[in-house]
Amino acid sequence: MTRRVLLFMCLLSVGTVLGQVSYTIPEEMAKGSLVGNIAHDLGLQTKRLTSGKARIYTRGSDEYIELNRERGVLLVKDRIDREALCRQTTPCALHFQIILENPMEFYSVTVQITDINDNSPTFEKSEMKFKISESAITGAKFVLKGAVDLDVGINDLKSYELQPTDNFALKVHSNADGNKNVEMVLRKPLDREKQEQISLVLTAVDGGEPQMSGTMMIVITVLDANDNAPVFTQSTYKATVTENSPKGTVVATVTATDADEGSYGKITYSITNTLDGIIKVFEVNEETGEISLIGNVDFEDSRNFQINVLASDEGGLTDSCKLIVDVQDVNDNKPEINIMSKSTVISEDAKLNTVVTMINIEDKDSGENGNVRCFIGENVPFILKTSTNNFYSLVTDSELDRERSSEFNITVSCSDEGVPSLTSSVTLTLQISDVNDNAPVFERSSYEAYIVENNTPGLSVFTVKARDADWNQNARVSYILEDSSVNGVPVSSYVSVSADSGVIHAVRSFDYEQIKDFHFRVKAQDGGSPPLSSNVTVKILIQDQNDNPPQVLYPVQTGGSLLAELVPRSADVGYLVTKVVAVDVDSGQNAWLSYKLQKATDRALFEVGSQNGEIRTIRQVTDKDAVKQRLSVIVEDNGQPSRSATVVVNVAVADSFPEVLSEFTDFTHDKEYNDNLTFYLVLALAVVSFLFITCVVVIISVKIYRWRQSRVLYHSNLPVIPYYPPRYSDTLGTGTLQHVYNYEVCRTTDSRKSDCKFSGAGSQNVLIMDPSATGTMQRIQSEKSILDEPDSPLEVGLKH
């Protein structure tokens, strides 16, 4: 068994490779038989068939061929009977496409089916009877019903044989369409008296190898004389019928005449077609020769018919003619839209001319009725591109944006050019998949938020919000606090941002007096890959609280010093005594200060300006007014609640300083200062007592230590090795130091009067070294022991 393969490739305008492969195989091949190595013939690797999910598309017809992806070959899937598939049509071929995805490609494959001699010629009836008059003249023709062979080509019907040939000969006429008309011709007169019935055998033989044949018995009854045979007015009639014409429609009328009279002149019409289905579509009126429809006429099934009509008389004489009926096409078939392959999802970043769907259009009508044009709706980023053989590809025509349109319902409409035009349509739903092509966008270009100072750490300040036009993970926004510093301190020690919600929390308690505002940047980042982000500036303004009382700058309040403002007795009304100066570190109305006179020795003498804090006289000063005036001024801010500070202003009403001094001598003994003085006196007493006890303990310990040392040296017999410090020189008892230092201590008996007592210099304790000594050091003590020296440190002169 041989196979012929024809391969050629062409390139589509849409960028999809269209390859056409043609194979030729005989019919009736066993299931699983090899048709061809499609992968090799198309130049494809078998893994491409597997990864591309290669499949066969057959436009809805039965699949006789299957694709083995692993081997890359085409195999016979089911029994192929050429006669059932194509009847008498030649050549007979199977047309299908091989579709691959990722990327979309399709290849056209044609498998031509060759005929084998698997059908013998067959007669419609196994026996045919004739009644022939013995008066029939030599050369009279008798039409025989021919045999039908379903095979084609050399396997078709080739010849007929008639046995025996004593009285009749066989005449075969070949028609233009390839069919054969068989006639039996009388060779010599019949003699009813010699032979009343004659039996013949008609054999039909095909041209196949091995040769096959079929037979039919012909039984002839010899009758008495019938001189004239029927004769048709035309040997060939032509008629036209429109497809889908209703049953009963008269197609044509054939007419034959017979010169005989009586029963021999009565003509009967019949259709002699056998196996080609004519008798299921047409019928002839036996008496009138009128041919009408009894079945449906479909141009797409048969474009013309040849009807063989037989006219016979009662005497057995016959004549034949043929009627050729042409079927006129009407536009009765809508275009068929076949989706070969389609994608339901396409990425929004798909390139231009990306194939989305491949479509095949088929209209069974012919001519203009079969010319089809396809189109899609406007305002969609897709176009239809035609390739060849009514194949269309739906491709992208512009950029896709899922954020504008996440889904497209694309209606493909196809119309033919018939009158009226017929249209078919199909709607394709295409989802646009998201890619991360949009960064998060904040609702505002910048944010400002206010927070009152002394807030609780962890307090929620406000929320930043960003939206991402993408979808799913690509639209998931996370918020990040960008690294920066405020006054040298990381901003993360001031605020924090919730990654999921964008809520900004205060990390610490803010103090308006230390920081009034600060700004930072928040980044919104999506969850795409790679992620996209945007940022926004956030400004936090601290709002003041009334948390600081006023501070008095003047007059200065000291613990022990006495300050007084001097007012002469000649001062007039409105005399400016002094001005209380105060500040409040708060801001706004919390720093608005007002001054009030809280207490005064004489409230009728002075007043305080509520706005400026100026203390002025409100009447003339008189001699009766006390020299010592004490004013208590309260300074209040305007906060809620308000805070205040109090300052005491001492005013001396006098014309000279001696008068002031004499009056203010005991001023320091006021009760306000007595409390502090008592505290310090008690503290001083405790310190002095502690020091006294400590000194006594130290002195006693030193005396005991020296006494024990002297006792040890006195009773010891060990030699004493002298040690001389560096730069030592003994100069007649002046000691080991180069100089003599006298420390003078001054002792005061009164805070205002001090006398100094000096102690005399002297050497109380001197080490003397005799150069002639043999190694012993003699300790010389002063006439008066150290233990007998005065204990008071104010009367001791130290030599160093």
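**Group meeting talk: strands, salt bridges and a nonpolar patch**

Hi everyone, let's start with a pair of strands: β11, residues 157–163, runs antiparallel to β14, and six bridges join the two. Before I go on, please keep in mind that this is a predicted model.

To get from β14 to β15, the chain passes through a hairpin of six residues. And a handy thing to remember when you look at strands: in a regular one, side chains alternate between the two faces of the sheet.

Next, an open sheet. It has four strands in the order β34-β43-β42-β37, and the pairing is mixed. Which strands stand at the edges? They are β34 (446–452) and β37 (477–481); each has a single partner strand, so one side of each is left without a neighbour in the sheet. On average, neighbouring strands here are turned by 30° against each other, ignoring direction. Two strands of this sheet, β42 (residues 517–526) and β43 (residues 533–543), run antiparallel and are joined by nine bridges. Within that pairing, R521 stands opposite T537 in β43.

Follow the chain on from β34 and you reach L459, in the loop between β34 and β35 (460–463). L459 has a relative accessible area of 40%, so it counts as partly exposed. What does L459 touch, leaving out residues up to four places away in sequence? The answer is I451, I504, H505 and A506. Take I504 as one of these: L459 and I504 are 45 residues apart in sequence, yet their C-alpha atoms are 8.5 Å apart in space.

Let's turn to charges. The whole structure has 18 salt bridges. One of them links R48 and E105, with the closest N and O atoms 3.3 Å apart. R48 lies in helix α2 (residues 46–51) and E105 in strand β8 (residues 105–114), so this pair ties together parts that are 57 residues apart in sequence. Are R48 and E105 buried or exposed? Both are buried.

Compare that with K129 and E127, whose side chains meet in a salt bridge at 3.9 Å, N to O. K129 is exposed, because its relative accessible area is 63%, while E127, at 38%, is partly exposed. Another pair is R192 and E196, where the closest N and O atoms are 3.7 Å apart. R192 is partly exposed at 32% relative accessibility, and E196 is partly exposed at 47%. There is also a network: E28, R79 and D81 are joined by salt bridges that share partners.

Last stop, the surface. L553, Y554, V556, L563, V581 and V583 make a nonpolar patch of about 480 Å². Which elements give two or more residues to the patch? Those are β44 (551–554) and β47 (581–583). V556 is found in the loop between β44 and β45 (565–567), and at 46% relative accessibility V556 counts as partly exposed.

How values were computed
Residues numbered from 1 in each chain as written. Predicted model: local features only at pLDDT ≥ 70, side-chain atom pairs only at ≥ 80, totals over all residues. Heavy atoms only, no water. Patch = residues over 30% accessible without salt bridge, like charges linked within 9 Å, V, L, I, M, F, W, Y side chains within 5 Å. Areas by Shrake-Rupley, 256 points an atom, 1.4 Å probe, with all protein chains shown as cover. Salt bridge = Lys/Arg side-chain N within 4 Å of Asp/Glu carboxyl O. Buried < 20%, exposed > 50% of the residue type's maximum accessible area, 1.4 Å probe, protein only. Pairing = 2+ DSSP bridges. Axes fitted to C-alpha atoms, helices over the stretch in contact; angles between N-to-C directions. Contact = heavy atoms within 4.5 Å.
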